[in-house]
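Subject: Structure handover

Hello,

Here is the structure I promised to pass on. Please open it first, then read the notes below.

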Amino acid sequence: MKIISVVGARPNFMKIAPIIKEFSKYIKKGYNLEHSLVHTGQHYSPIMSEMLFQQLGLPEPDINLGIGSGSHGEQTGKIIIEFEKVLQEYNPDLIIVVGDVNSTIACALDAKKLGIKVAHIEAGLRSFDMDMPEEINRILTDAISDFLFITEKSAITNLSNEGVSQEKIHFVGNVMIDTLLSHLEKAKEKNMTKELGLISNEYVVVTLHRPSNVDNECSLESIGNVLAEISKNKTIVFPVHPRTRNKINEYNLDGLFSKENNILLTDPLPYLEFINIISSSYAVLTDSGGLQEETTVMGIPCLTLRENTERPSTINDGTNILVGLSPSNILNTYNQIDKSIKRKIPEKWDGKSAGRIVKIILEKFSVTTT
C-alpha cells in the first residue's frame, strides 16, 4: 500500500507527526506499506517549518512543493497544479490530509479527481461561520473524503446533517493531543520563563492571527487596549504571527503593543518553547483553534477572542471560554477566572489517536506483512 501524507502549515506538523511514527512501527514489522511525506511549503520560515520537523522528530519531507504565501486563490491554485504532478508520479492508494488550511482542500481535490482515496484527520468540526476560510476548507474536504477521522462527538452530528455516511466516520480522538502528551515533559525542560524574565503564573500568553481580529484597525486597537488593561497586573507575552506584526506596524500601534505597556512581543516560538510558556502561564487569550485544545489538556484557562468555535468540547469539558470581541466582556471574564475549577479532558484525548487511525486504515485496505 502506498500512502502520501500532506503538511502545509504549522498546525499540520503537530497533527501528522504521531501518524508518521505509527506507520513507521508497522513498516518495521514488515507490513507491505510505503509512506511518503509531502510538504506544500505553505509555511516556509525556519521556525514555522524546519525547526518544527526537528523538534517533533519528523523525517525530512520526500517532496517540498515550495509554494509559499499568496492570496487564497493563488496559493490553492499553485498547490493543485504541483501536487497533481506528485500524485501522477507516485500513484498512491491513499492520501492523508489534516486540519483546514488551503493545502488540505487543494490536495484532497487533486486526489479525488484522480480516483485516489482521501482520509481527512480532524474532520467534522464546524464554526458555522462561512466568513472563515477555514470553514469553507473543512466543509469541502469532508464532502469528498472517504475516511473522516473525528476528534469529538459534535462532529458526528455535523457530518450526519451534511449527509455523510456513518460508515465513513471514525471517532478516534485528537492527534494534536498525542503530540502534546508525548512532548510535554521535554517542553517543560525548556525554561522559557527564565529566558524571557517571567515568573510562573504571573503572565498571560496571547496569540492573534485571524483576519477578523488583525486586519481591521479598530479591532486590533481594541484588543490592544484590553491587553494594556490586563498588563497592569500580569505581564503579557505575545508571540507575534508575521501577518499580525505587519498589521501592528501598518496601523501605527507599536506604542500600544509595547514594553511600556508590559506587553512582551516575541517572534513566533518553536513548538517546545511555545508549549513551555503556555504550561506555566496564568491564562491564554487567543483566536487559535488548536490552542483551545492544548490549554484544555494542560488545565490552563483559555479566553477565545472569537464569536464562535468549531471545538465545543473545549468549552463543554475543558477550560475554554468563548468571550467574543467586546472589551468589557473580555475583561469581565478575565477578572472572574477561577483556576480551582477542575474540568475534564474530552473523550479519547488520551495520546492514542494515531494508533486508532493507522489501525483502521490498514484494516480497511487489508494491509498485512509481506
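Two strands pair if DSSP finds at least two bridges between them. Helices (H or I, at least four residues) and strands (E, at least two) are DSSP runs, numbered from the N terminus.

This is a predicted model: local features need pLDDT of at least 70, side-chain atom pairs count only at pLDDT 80 or more, and totals for chains, interfaces and linings use all residues. Residues are numbered from 1 along each chain as its sequence is written, and side-chain values use heavy atoms, with hydrogens and water left out.

Start with strand 1, residues 2-7. Six bridges pair strand 1 with strand 2 (residues 34-39), in the parallel sense. V6 faces V38 of strand 2 across this pairing.

Five of the six residues in strand 1 are buried (under 20% relative accessible area; exposed is over 50%, partly exposed in between; 1.4 Å probe, protein chains only).

Now look at N320, in strand 13 (residues 320-322). N320 counts as buried because its relative accessibility is 2%. Leaving aside neighbours within four places in sequence, its contacts (heavy atoms within 4.5 Å) are Q292, T296, C302, T304, T314 and I315.

Best wishes
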